[in-house]
Amino acid sequence: MKYRLADAMKQCMRSSSAEKITVQEIADAAGTTRQTFYRHFLDKYDLMNWYFDKILQESFKQMGEGRTVYEGLVKKFEFIEEENTFFRAAFQSDAQNNLKEHDFQMILRFYTEKMEEASGEALSERLRFLLEMYCQGSIYMTVQWVSGRLHRSPEEMAGELVAAMPGELAEVFRSLHLL
C-alpha cells in the first residue's frame with residue numbers, strides 16, 4: 001500500500017506542486033481512502049520522506065558494504081534522475097517535515113554514525129561543524145541539479161560533491177576507506 005500511495009503521489013506531482021496536492025487527491029489516485037492513507041503516513045510530506053528513505057537506505061547500504069561516498073552518490077543521483085518529476089516537486093517544498101530537512105538529517109546521521117563507529121568516539125565539535133556544513137551544501141547543490149539549474153551527469157555531480165568536501169573532513173573519510 002505504501003508504494004501504491006507513493007506512485008499516486010508521483011502521478012499527482014505531474015500536474016501540481018507538492019504543496020497544492022491534497023491527501024484526498026493522493027488517496028483517490030491510489031484508489032483508496034484518506035483513512036487508509038493516514039494508517040500509513042502522518043501527512044503527504046511523511047509519504048515523500050518515506051519514499052526518499054528507500055533511496056537513501058540503498059545508497060547507504062552500498063557505502064556500508066565498502067563502497068565509496070562517490071559510488072553511493074552516483075547511485076543516489078541516478079535514482080533521482082529516474083524519478084525527476086517526484087524529486088523536482090518534493091524538493092521545492094519548504095513546509096514543515098520537508099524533504100530537504102529530512103535528507104539533511106538522514107545524511108548527517110549516517111555519516112556521523114560511520115565516523116563515530118570507526119573512531120570509537122564522538123565527533124569533535126570541529127568535525128561536526130564541517131560535516132553539517134558539507135551535508136547542507138550537498139543538499140543545496142542536489143536541489144539545484146534536480147531543478148535543472150545545474151546540467152551534470154550523476155557521475156559529474158557525485159565527483160563534484162566529493163571534490164567539494166572540506167580537506168579535514170575528507171582526511172577522516174579517507175581513513176575510514178570511504179573516499
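How far apart along helix H8 are Glu132 and Arg128? Being four residues apart in helix H8, Glu132 and Arg128 are separated by about one helical turn.

## Basis of the model

This is a predicted model, in which local features need pLDDT of at least 70, side-chain atom pairs count only at pLDDT 80 or more, and totals for chains, interfaces and linings use all residues. Residues are numbered from 1 along each chain as its sequence is written, and side-chain values use heavy atoms, with hydrogens and water left out.

## Salt bridges

A salt bridge here is a side-chain nitrogen of Lys or Arg within 4 Å of a carboxyl oxygen of Asp or Glu. The count comes to five salt bridges. One of them joins the side chains of Asp103 and Lys76 (3.5 Å, N to O). Asp103 lies in helix H7 (residues 99–119) and Lys76 in helix H5 (residues 69–82), so this pair ties together parts that are 27 residues apart in sequence. Helices are DSSP runs (H or I, at least four residues), numbered from the N terminus. Both Asp103 and Lys76 are buried; buried means under 20% relative accessible area, exposed over 50%, and partly exposed in between (1.4 Å probe, protein chains only).

Glu132 and Arg128 also meet in a salt bridge, at 3.7 Å from N to O. Glu132 is partly exposed at 32% relative accessibility, and Arg128 is partly exposed at 31%. In the salt bridge of Glu160 with Arg152, the closest N and O atoms are 2.8 Å apart. Glu160 is partly exposed, with a relative accessible area of 39%, as is Arg152, with 30%.

## Asp53

Asp53 lies in helix H4 (residues 44–64). Asp53 is buried yet has no salt bridge, and the nearest side chain of opposite charge, Arg109, is 6.7 Å away. For charge, Lys and Arg count as positive and Asp and Glu as negative, while His and the chain ends are not counted. The side chains of Asp53 and His102 are joined by a polar contact of 2.4 Å. A polar contact is a pair of N or O atoms within 3.5 Å; within protein, one must be able to donate a hydrogen and the other to accept it, and residues adjacent in sequence count only if both atoms are side-chain atoms.

## Thr142

Thr142 is in helix H8 and is buried, with a relative accessible area of 1%. Leaving aside neighbours within four places in sequence, Thr142 is in contact (heavy atoms within 4.5 Å) with Phe77, Ile80, Phe91, Met157 and Leu161.

Terms used: Helices (H or I, at least four residues) and strands (E, at least two) are DSSP runs, numbered from the N terminus.
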